[in-house]
Amino acid sequence: MFSYALAQSPEKSGTVSGKPENLSPNFPGKDQDGEISLSISYKYIFRKQAYDDNKKAFPNIAIDHYPLVAYDLDYSSTPNIKIGDNLPSFLKSIAFQYVDGSGGTKTGTIEELSKGKLLIFDFWATWCAPCIQSMEKWNTIANTLGKNIQVLGFMLDHNFRAQYFGVEKGWSIPIVFGPEVYIINSMFFDRQVVSRSAWIMDGKLVAITDTKGYDLGSVMDIIEGKKVDIPSNKEWTYSQ
């Protein structure tokens, strides 16, 4: 049982409560009964020049429908997930917005979108060339392996870019956007990090990789239960 809410104001805060299976007993939000109550704070950062520039550069995009803001998140306010940890149950149920392969905007959760044996969180941004290459690779792998894998592209970028970018690229991967992306990112990294993928197998974080060292064959081996040395990159993670 959990609850999750965000206030609707320029300076926002959220609360999450539940019974995560793997949080440290010393985690500051955890009470004596094992319940946790998190206060996750972030601020909108609006720059008028960026708004004007993007409005001019993308005349056919409904930029006004998506807050043209950056999110300044307190990364110390969220749990730290290390390689080998199970995903906290409340994380799977956080509602977020995403864009599907046809460009439609929907609301969902990790639990609702997950399928198959392997779950990949690819953290990316449109201004990051290695990120785009990574998303291209994961899109190909996901289309090839079908129901054996679910890839979610968590975009740390202006919200409106989610609406058109994947469609123009022909990606079928759901693109998640908004403040929840930054909240989820903070559970795996100690700062805003892109060009990284979190690999979750049977509900457990098994690796965090950059864009190199794996291919379709190695992903297939992992899904089939074969022993594979996934080339983890632990920089900026909590698994140092």
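Begin by selecting Thr 78 and Ser 186, whose side chains are joined by a polar contact of 2.7 Å. The structure on the screen is a predicted model.

A polar atom in the side chain of Thr 78 lies 3.5 Å from the backbone oxygen of Tyr 75. Now display the strands on either side: Thr 78 sits in the loop between strand E4 (69-73) and strand E5 (96-99). Is Thr 78 buried or exposed? Its relative accessible area is 2%. Because buried means under 20% relative accessible area, Thr 78 counts as buried.

Next, step back to the whole protein. The chain has 240 residues, and buried residues make up 51% of them. Colour the model by secondary structure to see 6 helices and 11 strands. Consider also the contacts between residues at least 6 apart in sequence: 66% of them join residues at least 24 apart.

Select Thr 126, which is found in the loop between strand E7 (118-124) and helix H3. Thr 126 has a relative accessible area of 12% and is therefore buried, given the cut-off of under 20%. Which residue's side chain makes a polar contact with the side chain of Thr 126? Select Asp 157 to find this partner, at 2.4 Å. Then show the other surroundings: leaving aside neighbours within four places in sequence, Thr 126 is in contact with Ile 132, Met 155, Asp 157, Arg 161 and Phe 165.

From here, move on to the helices. Select H3 (residues 129-145) together with H6 (residues 216-223). Two packed helices are described by the angle between their axes and the distance between the axes. For H3 and H6, the angle is about 50° and the axes are 11 Å apart. The two helices are therefore oblique to each other, since angles from 65 to 115 degrees would count as roughly perpendicular and those under 35 degrees as roughly parallel. The crossing of H3 past H6 is right-handed.

Finally, show the side chains where these helices meet. On H3, select Trp 138, Ile 141, Thr 144 and Leu 145; on H6, select Leu 216, Val 219, Met 220 and Ile 223, which they meet. How many of the residues in this contact are nonpolar, polar or charged? The contact of H3 with H6 has 7 nonpolar residues, 1 polar residue and no charged residues.

Conventions
Residues numbered from 1 in each chain as written. Predicted model: local features only at pLDDT ≥ 70, side-chain atom pairs only at ≥ 80, totals over all residues. Heavy atoms only, no water. Helix = DSSP H or I, 4+ residues; strand = E, 2+ residues; numbered from the N terminus. Buried < 20%, exposed > 50% of the residue type's maximum accessible area, 1.4 Å probe, protein only. Polar contact = N/O pair within 3.5 Å; in protein donor to acceptor, adjacent residues only side chain to side chain. Axes fitted to C-alpha atoms, helices over the stretch in contact; angles between N-to-C directions. Parallel < 35°, antiparallel > 145°, perpendicular 65-115°, else oblique. Left-handed = near helix turned anticlockwise from the far one by under 90°. Contact = heavy atoms within 4.5 Å. Nonpolar A, V, L, I, M, F, W, Y, C, P; charged D, E, K, R; others polar.
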